[in-house]
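My entries follow in the order in which I checked things.

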There are 2 protein chains.
Amino acid sequence: MSDRNSCDAYLSANKQRFQDELFELLRIPSVSTLPEHAPDLCRAAEFVASKLRVAGLENVAVIPTDKHPLIYGDWLHASGAPTVLCYGHYDVQPAEPLEEWKSPPFEPTIRDGSVYARGAADDKGQLYIHIKAVEALHAVRGDLPLNIKFLIEGEEEVGGESISAYLAANREKLEADAALISDTSMYAPGLPSLDIGLRGMIYQEWEASGPAQDLHSGMYGGAAPNAVFGLVELLAKCKSADGVCQIPGFYDDVEPPAREEKESWERLPFSETDYLENEVGSSRLTGEPGYSVMERTWARPTFEVHGIGGGFTGPGAKTVIPAKAYAKVSMRLVPNQDPQKLLEAIERFVADNTPAGIRIRIRQMYASPASMVSPDNPFIQKAAAALTETFGAQTVFTRCGGSIPIVGEFLEELGIPTVLMGFGLPDDSLHGPNEKFLLENFQMGIRAVVNFFESLAPA
Amino acid sequence: MSDRNSCDAYLSANKQRFQDELFELLRIPSVSTLPEHAPDLCRAAEFVASKLRVAGLENVAVIPTDKHPLIYGDWLHASGAPTVLCYGHYDVQPAEPLEEWKSPPFEPTIRDGSVYARGAADDKGQLYIHIKAVEALHAVRGDLPLNIKFLIEGEEEVGGESISAYLAANREKLEADAALISDTSMYAPGLPSLDIGLRGMIYQEWEASGPAQDLHSGMYGGAAPNAVFGLVELLAKCKSADGVCQIPGFYDDVEPPAREEKESWERLPFSETDYLENEVGSSRLTGEPGYSVMERTWARPTFEVHGIGGGFTGPGAKTVIPAKAYAKVSMRLVPNQDPQKLLEAIERFVADNTPAGIRIRIRQMYASPASMVSPDNPFIQKAAAALTETFGAQTVFTRCGGSIPIVGEFLEELGIPTVLMGFGLPDDSLHGPNEKFLLENFQMGIRAVVNFFESLAPA
């Protein structure tokens, strides 16, 4: 029996156990942004580390950081073979609004072949694919066809400061030929995809102050500045009704996609009606006129408000002129936009447009550039072949509108390209309620990564 | 010893007890908008009723309603004398934001001669003035110089629906010649004031819906409508940067103050610098150009946002395109503006200006017109004389930018004018943190109401 067949048999025999283990990981509410979940992050890290050891990895360590631990592990005995650095994150987004979940976010529940849980697709289910692929190869062969390093973090959803510092301080230890990340989606069910572009992101908190304290709107209404309205005025100036960001210089350096890439997007299966009705679920789409949905979400920068608060928001009525208001805003960046240059442009714009009587304080949270990799890169080519073989369909090259800052850091610090082999689906509801992950993609994903790793063995 | 002197002696002798009783009332957290405080509302109502009985009132009853109880009491044995209906409210605004209070909102604390507590000035301290004035007169004289009815409610801060219904159903029982309300402020310390005009108010909750659920801003940013941004766009359109409401027809029916009244305002002591620095505490005032602060806050309608919420507002970052957002908005109305006509104008404006892909639902909460009383009314004249005598300073006629809907209802249902004899001060922080009430005004207020009531005795 060939390795390939043995591997298939191993995956079949252990299918239920792999799923049970994943569910165990999904039950840990490792919400990195909420301080009260710090112990859950540690639990999740220990769980992942223990599974790396089971998979045959060596030098496995849970590495404490200023915030949430990193996990490292390696297997470096395939002389002459390339080294792949597998990255994933065990932290998840908050589950709120809880009342919109059909089953509890941290109690994985199967419906229609998918597991519903916070982190199912982003990224626990996908990082677990890497671990189980290595376990299968190691169990069947007694070794691995390539050199492997794992670096897994618990701060992806909160800016990833610790991994950045670790990366900068451990360049030699982390040396590799390419990185592998499974934290994105396939373009459509059954259509294997490789993301060759990611948007970058600037994330900020804006706090508006008006009067020294909340004032009675009867007594002071008409004369006192209102922090909520001041913030509303400023935010409304940031983007036109048709979605064009109004910050001067915002689009100056935007590099449009090459004609060939744009044409390939036009060949992808896409129904705007289906997208509107079944994915977005609103009465109309929005965004810059003259650009397709793919261009708007993959190749155009955006300005969004993620949350806003201020004044009295309890039940009933309270007639205050609020003293404070705040908003969380982000800008998604595309290739060739310089985050540092934009930070300055934002600061100027806010200073120039702050309403009378209002003070705005900007709290800078993250800033990372967009990243692109060439479809001709040999790792991309081999990954595409492995996916095509596994799924029995031609792999397509897409981009992802989301941001995975680590991809830029791998390029900058380690000089390596990243293979973004995503097994999620567009309707997985990442960051929203009822996040899910198709269990068939979990199994196919393990097989695809096995195939990819085998294809990297020296001839 | 004359009644007047006996009354003074009684007030002096009972000063500490009156204050202790008021503090007991202030300790009851009768926040009418929060359902969990319903038992506190009942406790406060029973407390007030018991003190009405002590004061010598008859037929005292705590009247159950759909929400919070009303309290009634009367003394009707002064034949040939007029009847005054005393109104007050024992409910209070929520105390949030709690962290801004220097002492706990429901633990009355004296600092610099004022008692700090939620409801100290609005309206527990002021309604208690009426009760103690009646008690003093009744204790000293064995009767009262006029006929008195009390009607006290627990829903003033949440729309006063129960009292409206009660008023409409009990016109005969409540028949009177004038109403007396102490729920406003003196224009300045030591300067007795009668408010002869109040603004009306429309209060609404606006809810914006965008996508069917929160979406990942990386995946959908650039194509999916954002409920928070949609609401921000709509709100920003409601008012210009210089405070002019943009709803068509909003100012059409506004009746400006008479030249004489406007001129009298110009003679009032007012420092815009002091107002800006010590009352508002912001870097600049706002509001319609060409109108003085008094005109803007007393005689011009306003549009305000009292609270806003939506999306992710916890600590840290979450990159969602929010599905929902909401705001609490109000418009203060001035004489001759018709709330019903404005409600229709608002509805049209919102429909015409709702951003693409967003739905807005308006929840109508209150609508009451502005109200005015003539300074030549005999009750106003006698009240002015009593205040002038008590404080040793000429009473001024002012307006109040706030809204006391019951004043309009007393006029409409009972055909009576209202004397607004306020003992608060402009910096009492009504509805805000650190609400206070000057204890000297509490004592002087009781004396002034005693004097007013005595001046109404038949010659």
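I find that the buried residues of helix 5 of chain B pack against strand 1 (58–63), strand 2 (70–75), strand 3 (83–89), strand 6 (147–153), helix 6 (171–174) and helix 14 (405–414) of chain B, where contact means heavy atoms within 4.5 Å, and where helices (H or I, at least four residues) and strands (E, at least two) are DSSP runs numbered from the N terminus.

I note that this is a predicted model, in which local features need pLDDT of at least 70 and side-chain atom pairs count only at pLDDT 80 or more, while totals for chains, interfaces and linings use all residues. Residues are numbered from 1 along each chain as its sequence is written, chains are lettered from A and ligands numbered from 1 in the order in which they are written, and side-chain values use heavy atoms, with hydrogens and water left out.

Which residues of helix 5 (residues 161–169) of chain B are buried? I list B:Ser162, B:Ile163, B:Tyr166 and B:Leu167, taking buried as under 20% relative accessible area, exposed as over 50% and partly exposed as in between (1.4 Å probe, protein chains only). Viewed down the helix axis, these buried residues fall within an arc of 130 degrees, so they line one face of helix 5 of chain B; the arc is that of the directions from the axis to the C-beta atoms. On the other side of this helix, B:Glu161 and B:Ala169 are exposed.

**The sheet**

I then turned to an open, antiparallel sheet of three strands in chain B, ordered 4-5-18, where two strands pair if DSSP finds at least two bridges between them. Strand 4 (109–111) and strand 18 (436–438) of chain B are its edge strands, each pairing on one side only.
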